[in-house]
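Hi,

Here is the structure I promised to pass on. Have a look at it first, and then read on for my notes.

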Amino acid sequence: MSNTIKIAPSILSADFAKLGEEVRAVDLAGADYIHIDVMDGHYVPNITIGPDVVKALRPHSDKVFDVHLMIAPVDPYLEAFANAGSDIITVHAEAGPHTHRTLQAIRNLGKKPGISLNPSTPESVLEYLYEDVNLILVMSVNPGFGGQSFITSQLRKIEAIRKRIEALGLDIDLQVDGGVNVETAKQVIAAGANVLVAGSATFKGGPSKYAENIKALRG
Ligand SMILES: O=C(CO)[C@H](O)[C@H](O)COP(=O)(O)O
Ligand SMILES: [Fe+2]
């Protein structure tokens, strides 16, 4: 497995009145990816941002824009998020009946496809999708809100997915999202994750703390 840990600050915990500044600040503080949570008030019980905001943020950072779509249906919006400057587009396995088609559509738009699993979704749904993704996202909270507690049962899922990725000899980012802090970061890294999403743990304390917070998560 890749032994380089990547940190993806979730801008859900940023100051929404200063999003451009916040993206520049976490970029300078050492973020590897910029994690952008898109919620529709339908697939998840919260509403955040759309493709116009992603497009407006694009000039603020050259880092990978890691766009986590928590929307259903998702297919009608893929092109808009691709054109807005997303690099990785992650969709939820539970958000529609034609996940394979959706992942192909993302690839055909020239972007890296990611697949996300809610805490109650077993890893077996990935079996026929491993070849079609660049990133697998294990949700360690129920999607919709930042600042929730890490669900420890997801460690077993991370371990099982990492084993399967290695058995298949594939190069896939294994990302964990939700309740990641300095303590849980150690556990998810030990279980085999290599990309850590962190909202609250990155943005706590304000901009002067971002570099220190990111460094602490990297371990
Ligand atoms: O996708 C998400 C929620 O659905 C967020 O990325 C996640 O919750 C990050 O927030 P925190 O690190 O504070 O848990
Ligand atoms: Fe997320």
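This is a predicted model: local features need pLDDT of at least 70, side-chain atom pairs count only at pLDDT 80 or more; totals for chains, interfaces and linings use all residues.

**Around the ligand**

The shell around ligand 1 holds 22 residues, and those that come nearest are Ser 10, Pro 143, Gly 146, Gly 199 and Ser 200. Strand S2 (33-39), strand S8 (195-198) and helix H7 (200-203) are the elements that give two or more residues to this shell. By residue class, the shell around ligand 1 is made up of twelve polar, eight nonpolar and two charged residues.

The UniProt record, an unreviewed entry, has a "binding site" feature whose positions include Ser 10, His 68, Gly 146, Asp 177, Gly 199 and Ser 200.

**Two serines**

Ser 10 sits in the loop that runs between strand S1 (6-9) and helix H1 (19-28). Ser 10 counts as buried because it has 25 C-beta neighbours inside 10 Å, and the cut-off for that class is 20 or more. Leaving aside neighbours within four places in sequence, the contacts of Ser 10 are His 35, Asp 37, Gly 146, Val 197, Ala 198 and Gly 199.

Ser 200 belongs to helix H7. With 16 C-beta neighbours inside 10 Å, Ser 200 counts as partly exposed. Again leaving aside neighbours within four places in sequence, Ser 200 is in contact with Ser 13, Gly 146 and Gly 147.

**The sheet**

Eight strands form an open sheet in the order S1-S8-S7-S6-S5-S4-S3-S2, and the pairing is parallel. S1 and S2 are the edge strands, each pairing on one side only. From one strand to the next, the twist averages 25°.

Strand S6 (residues 135-139) pairs with strand S7 (residues 173-177) over five bridges in the parallel sense, and Ile 136 stands opposite Leu 174 in S7. Strand S3 (residues 64-70) pairs with S4 over three bridges, also in the parallel sense; there, Asp 66 has Ile 88 in S4 as its bridge partner.

How many residues of strand S4 (residues 88-92) are buried? Five of the five are, so strand S4 is largely enclosed by the rest of the structure. In a regular strand, side chains alternate between the two faces of the sheet. In S4, Ile 88, Thr 90 and His 92 point one way while Ile 89 and Val 91 point the other way, and all are buried.

Happy to talk any of this through.

Best wishes

Methods
Residues are numbered from 1 along each chain as its sequence is written. Chains are lettered from A and ligands numbered from 1 in the order in which they are written. A residue is near a molecule or strand if its C-beta atom, placed from the backbone, lies within 6 Å of it. Helices (H or I, at least four residues) and strands (E, at least two) are DSSP runs, numbered from the N terminus. Ala, Val, Leu, Ile, Met, Phe, Trp, Tyr, Cys and Pro count as nonpolar, Asp, Glu, Lys and Arg as charged, and the others, Gly among them, as polar. UniProt positions are given in the numbering used here, feature names are shortened, and annotations may be inferred rather than shown by experiment. A residue is buried if 20 or more other C-beta atoms lie within 10 Å of its own, exposed if 12 or fewer, and partly exposed in between; C-beta atoms are placed from the backbone. Two residues are in contact if their C-beta atoms, placed from the backbone, lie within 7 Å. Two strands pair if DSSP finds at least two bridges between them. Axes are lines fitted to C-alpha atoms, for helices over the stretch in contact, and angles run from 0 to 180 degrees between N-to-C directions.
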